[in-house]
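Subject: The structure I promised you

Hi,

Here is the structure we talked about, so please open it up and keep it beside you while you read.

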Amino acid sequence: MPRHWHMISRPARGIVSRSRFSTLSSAAPPQATDATQQTRQSVHLPRTIASLLHPAQGGQPDAEHVTIHGWIKSIRRMGRISFAHIIDGTTSFPLQAILSKSQAAGLSTGSSVRIAGTWKASLAGTAQQSELLAEDVSLLGEADPTTYPLQKKFQSYEYLRTLPHLRPKIPFNTAVLRLRSYISQNLTSFFAKNEFVQCYPPIITSSDCEGAGEVFTVSSNEKDSKGHFFKSPKYLTVSTQLHLEALAAAVPRVWTLSPTFRAEKSDTHRHLSEFYMLEAELSFVETLDPLLDLIEDMIRQLVSGLASSRVGNEILSLSGDLKPQLEARWEGLMQPGRWKRLAYSSAVEDLQAAVDKGEKFQFLPEWGANLQSEHEKYLAGLYNGPVFVTDYPREIKPFYMLPTPGDDRTVACFDLLFPAVGELIGGSLREHRYEELIRSMKSHGLILAGDDSEHAGLSWYTDLRKWGTAPHGGFGMGLDRLLCYLTGVENIREVVAFPRWVGRCDA
Ligand SMILES: NC(=O)C[C@H](N)C(=O)O
């Protein structure tokens with residue numbers, strides 16, 4: 001037995017000693033030290049435009065002499081004075097600065113500036129309540145108008161995709177960046193309130209969790225004699241679920257927001273090779289209902305906060321004709337009451353009934369086949385909102401799912417279908433019984449005949465069923481698809497700053 005182990009577990013007689021673990025649990029809560037009691041000195045960062053335009057969010061509206069930094073959105077030269085609209089991405093609204101002719105020299109759309117001046121009430125009749133009367137203007141970086149690609153004229157999505165490094169400057173894209181940050185903050189506090197622990201599972205993994213073979217293999221210039229860095233092939237994670245299950249066997253509720261990778265060749269508006277997935281795993285749940293209730297709560301509270309938030313309002317005001325549709329979407333998600341819950345078998349009956357009534361699908365719906373995105377969208381339309389489809393056939397779902405109680409042909413799983421985006425969330429109860437899990441791995445072809453000892457590189461996962469196993473379940477939500485739904489953006493490549501898909505990974 002190693003010496004340190006001996007010391008911790010068996011203190012010498014007469015010496016009052018406990019392991020670090022017991023000491024922590026029985027001691028009084030730590031008292032705040034002087035350092036933590038002191039109010040922190042405010043950090044001296046440059047003032048943001050939001051702090052001036054939205055003083056309720058912490059700005060100093062009565063400050064008279066201010067210095068701001070930002071980029072020129074537009075500049076109007078009117079003889080001896082110029083009106084410059086300055087943006088810095090912290091709000092969608094530009095700050096208006098009044099410059100003299102010489103101060104405005106050399107400024108053009110896109111150039112970066114520092115302006116010191118007096119913040120004062122605008123003259124009656126102007127759109128702005130306050131404006132900045134410039135005293136000192138410094139041009140930090142010019143943007144040559146003959147080459148700057150983001151000019152005011154209309155530019156197509158396709159063209160802007162060729163400029164992933166510049167398009168975040170477009171006000172709507174900037175607002176989407178802030179919306180993503182808002183959502184991640186909101187979800188972090190939602191999960192904290194519900195006693196979940198945020199975890200950081202690995203990105204490099206030994207197995208293809210979903211078993212669909214859509215993995216990127218990790219390679220390196222440093223290789224062993226067999227051509228590997230890690231002794232055997234490793235992959236970029238397609239889902240952190242299996243690792244989260246291990247963590248949920250120690251802490252009953254865990255979640256993560258993690259990059260995920262799929263080497264799918266799908267060149268569609270809903271698929272990316274790299275995307276962010278929110279995954280949660282809960283021990284001690286024995287039916288799907290608590291998972292579905294949690295998801296409804298999570299999205300409902302997210303959207304209710306959003307509708308009254310500044311970033312939410314900015315997204316709406318930048319959405320033009322789409323605004324009423326977005327408002328209706330958000331409103332719809334906030335309504336109380338359960339969302340439709342429908343077994344796969346009934347969903348297939350609904351789809352077949354639709355075909356009988358003349359609905360034209362490219363793929364005929366039949367029991368045993370996966371639902372296509374046309375089917376998913378039809379169902380979300382039929383029930384006029386989000387729909388949970390539960391209990392899919394076992395053959396089309398991964399090995400880790402628990403059979404539906406009382407029906408061995410299906411598994412206790414669900415997909416949450418959203419209008420316009422199709423599948424937003426997928427989840428299931430997990431097979432927590434050792435023998436049944438091994439049987440399922442065999443029937444899914446993960447363990448080959450006579451290969452029992454290896455457990456397809458998943459012996460660490462099957463081990464979890466040997467010691468203190470418990471019923472559990474979880475889900476994964478595509479964050480980028482949620483952003484599409486909330487913003488009305490049709491193509492997922494527009495809500496991700498640097499999208500990667502088959503054939504494209506430019507910047
Ligand atoms: N955590 C989850 O349940 C997500 C699931 N593994 C998926 O990739 O769809």
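Let's start at the ligand: one of its oxygen atoms is 3.0 Å from an N or O atom in the side chain of Arg262. How much of the ligand does the protein bury? Taken alone the ligand exposes 270 Å², and 91% of that is buried by the protein. Before you go further, keep in mind that this is a predicted model.

A nitrogen atom of the ligand is 2.6 Å from an N or O atom in the side chain of Glu279. With Phe475 the backbone is involved: a polar backbone atom there is 3.4 Å from a nitrogen atom of the ligand.

Now zoom out a bit to the shell. The ligand is surrounded by 13 residues, and the closest are Glu210, Ser239, Gln241, Glu279 and Arg430. Sorted by class, the shell has six polar, four charged and three nonpolar residues. Which strands each supply at least two residues of this shell? They are strand 10 (274–283), strand 16 (422–429) and strand 17 (472–478). Strand 17 gives the largest share, with three residues.

Next, the salt bridges. The count for the model is 18, and I picked out a few for you. One joins the side chains of Asp293 and Arg338, at 3.4 Å from N to O. Asp293 sits in helix 9 (residues 289–307), while Arg338 is in the loop between helix 11 (323–334) and strand 11 (340–343), so this pair links distant parts of the chain, 45 residues apart. Are these two buried or exposed? Asp293 is partly exposed because its relative accessibility is 30%, whereas Arg338, at 52%, counts as exposed.

Another salt bridge is formed by the side chains of Glu296 and Arg341, with 3.2 Å from N to O. Glu296 belongs to helix 9 and Arg341 to strand 11, so this pair ties together parts that are 45 residues apart in sequence. Glu296 has a relative accessibility of 4%, so it counts as buried. If you click through these residues one after another, you will see how they connect: Asp289, Asp293, Glu296, Arg338 and Arg341 are linked in a network of salt bridges.

Elsewhere, Arg409 forms a salt bridge with Asp407, and their closest N and O atoms are 3.5 Å apart. Arg409 is partly exposed at 48% relative accessible area, and Asp407 is partly exposed too, at 24%.

Then have a look at the surface. Ile204, Phe229 and Phe230 make up a nonpolar patch there, with about 290 Å² of accessible area together. You can find Phe230 in the loop between strand 7 (204–205) and strand 8 (235–236). Phe230 has a relative accessible area of 36%, so it counts as partly exposed.

One last stop is Tyr182, which is in helix 7 (residues 171–193). Is Tyr182 buried or exposed? With a relative accessible area of 19%, Tyr182 is buried, because the cut-off for that is under 20%.

Definitions and conventions
Residues numbered from 1 in each chain as written. Predicted model: local features only at pLDDT ≥ 70, side-chain atom pairs only at ≥ 80, totals over all residues. Heavy atoms only, no water. Salt bridge = Lys/Arg side-chain N within 4 Å of Asp/Glu carboxyl O. Helix = DSSP H or I, 4+ residues; strand = E, 2+ residues; numbered from the N terminus. Buried < 20%, exposed > 50% of the residue type's maximum accessible area, 1.4 Å probe, protein only. Near = heavy atom within 4 Å. Polar contact = N/O pair within 3.5 Å; in protein donor to acceptor, adjacent residues only side chain to side chain. Areas by Shrake-Rupley, 256 points an atom, 1.4 Å probe, with all protein chains shown as cover. Nonpolar A, V, L, I, M, F, W, Y, C, P; charged D, E, K, R; others polar. Patch = residues over 30% accessible without salt bridge, like charges linked within 9 Å, V, L, I, M, F, W, Y side chains within 5 Å.
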